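This briefing is meant to be read with the sequence and the model side by side. It takes up the overall fold and then two individual residues.

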Amino acid sequence: LERIVTHEIVHHMVRNEWANELKKYSKDSGWDSSKTGEPRPGEFVEADGRQSREEDFANNVEYFLFDPNLLKKTSPKIFSWIEKRLGSNLNLEKGCK
């Protein structure tokens, strides 16, 4: 459940506070240089990430938080991008205090 909620919050964030981050991600990851309707180059942690830059971004942030080793193995440059640009703002806490 935590992964699903986090993923959906990322969708909300890219439509609001992280709109500029999505633009930068699109440029830096190769979405902007892809042909219209084509995914960015490289591997994806989830197949549905090929559908849009927003889905790809949400998947990658989710994996950065919940399965960082798989993201690092699958897309090391994207892992580094997220770590550098968003890492200090992404924290998970277990349970309520």
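Accessible areas come from the Shrake-Rupley method with a 1.4 Å probe, and for residues only the protein chains shown count as cover. On that basis the accessible surface of the protein comes to about 6400 Å², of which 49% belongs to carbon and sulfur atoms. This is a predicted model, in which local features need pLDDT of at least 70, side-chain atom pairs count only at pLDDT 80 or more, and totals for chains, interfaces and linings use all residues. Residues are numbered from 1 along each chain as its sequence is written, and side-chain values use heavy atoms, with hydrogens and water left out.

**Overall fold**
- The protein has 5 helices and 0 strands, where helices (H or I, at least four residues) and strands (E, at least two) are DSSP runs numbered from the N terminus.
- The C-alpha atoms fill a box of roughly 50 × 30 × 25 Å, taken along the principal axes.
- Of the 97 residues, 41% count as buried, the cut-offs being under 20% relative accessible area for buried, over 50% for exposed, and partly exposed in between.

**Arg40**
- Arg40 is placed in the loop between α2 (19-29) and α3 (53-66), and counts as buried because its relative accessibility is 4%.
- Its side chain makes a polar contact with the side chain of Asp56 at 2.7 Å, a polar contact being a pair of N or O atoms within 3.5 Å, of which, within protein, one must be able to donate a hydrogen and the other to accept it, while residues adjacent in sequence count only if both atoms are side-chain atoms.
- A polar atom of the Arg40 side chain also lies 2.9 Å from the backbone oxygen of Glu43.

**Leu1**
- Leu1 lies in the segment before α1 (2-15), and counts as exposed because its relative accessibility is 81%.

Conventions:
Buried < 20%, exposed > 50% of the residue type's maximum accessible area, 1.4 Å probe, protein only.
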